[in-house]
Amino acid sequence: MAANHPVPVPMARRDDVEHEVHAPKVEVFDPPSMTNTDPKGFVRRVDEYRETPAGLYMARAVDGHRRIAYFRSLLLPEHGLRVSRWTPRRGVDLGHDYYLDVVDISTDGPVWRTVDLYLDVLVRRGRDARVEDADELVAAHRAGLLDSSTVQRAMERTFAAVDGIAHSGYDVDAWLVTLSAEPPWSD
């Protein structure tokens, strides 16, 4: 039986395109060299790295992106998350205030590495949270790029983050405090 009330449909990404199945994206964070190697292999100069009790903070410009000018990220290895705040280019509305990537995080000495587990959480402060790219997660699993335990880990991290953020009134900074992770950005 159909529901008598409308189900909200999340706003589609403005850059939504067909995505081919792809291997998990890997990113490298290298504080000694003050660089960040993005998933496409481009080495980017970093303005700031700072280790915090909860993880690693990074801030850098985003060259060549049509919507994003700058971003700040906090890697949270205990929670398998990368929490980011993006500064848009002039006149651009990103449609969210925070962007969380569900990731596996490892370190090799001072160098950090993330492996993206496809799922993302977009949060509009004080309003809502939206999970994206579940279709990519399922496609990667079907293609044999992720095993079932990795898919389960990704889903558990996503559900825990959304639940915690919702219980914090969709205030990511307040939620970070509940994780003993002081928000590292200064506005």
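**Contacts, fold and cores of the predicted model**

Of the contacts (heavy atoms within 4.5 Å) in the protein with a separation of 6 or more, 42% join residues 24 or more positions apart. The model is predicted: local features need pLDDT of at least 70, side-chain atom pairs count only at pLDDT 80 or more, and totals for chains, interfaces and linings use all residues. Residues are numbered from 1 along each chain as its sequence is written, and side-chain values use heavy atoms, with hydrogens and water left out.

The protein has 10 strands and three helices. These are DSSP runs, numbered from the N terminus: helices are H or I with at least four residues, strands are E with at least two. The order from the N terminus is β-β-β-β-β-β-β-β-β-β-α-α-α.

Of the 187 residues, 41% are buried (under 20% relative accessible area, 1.4 Å probe, protein chains only).

A nonpolar core is a set of buried Ala, Val, Leu, Ile, Met, Phe, Trp, Tyr and Cys residues joined through side-chain atoms within 4.5 Å. The largest one holds 27 residues. Val83, Leu100, Val172, Trp175 and Leu176 touch the most other members. Elements giving two or more residues include β5 (56–61), β7 (81–88), β9 (111–124) and α3 (172–178). Strand β9 gives the most, with five residues. Leaving out residues up to four places away in sequence, Trp175 touches Leu81, Val83, Leu100, Ala161, Gly164, Ile165 and Ser168. A second, separate core has 13 residues, among them Tyr49, Ile68, Leu75 and Ile105.

Terms used: Buried < 20%, exposed > 50% of the residue type's maximum accessible area, 1.4 Å probe, protein only.
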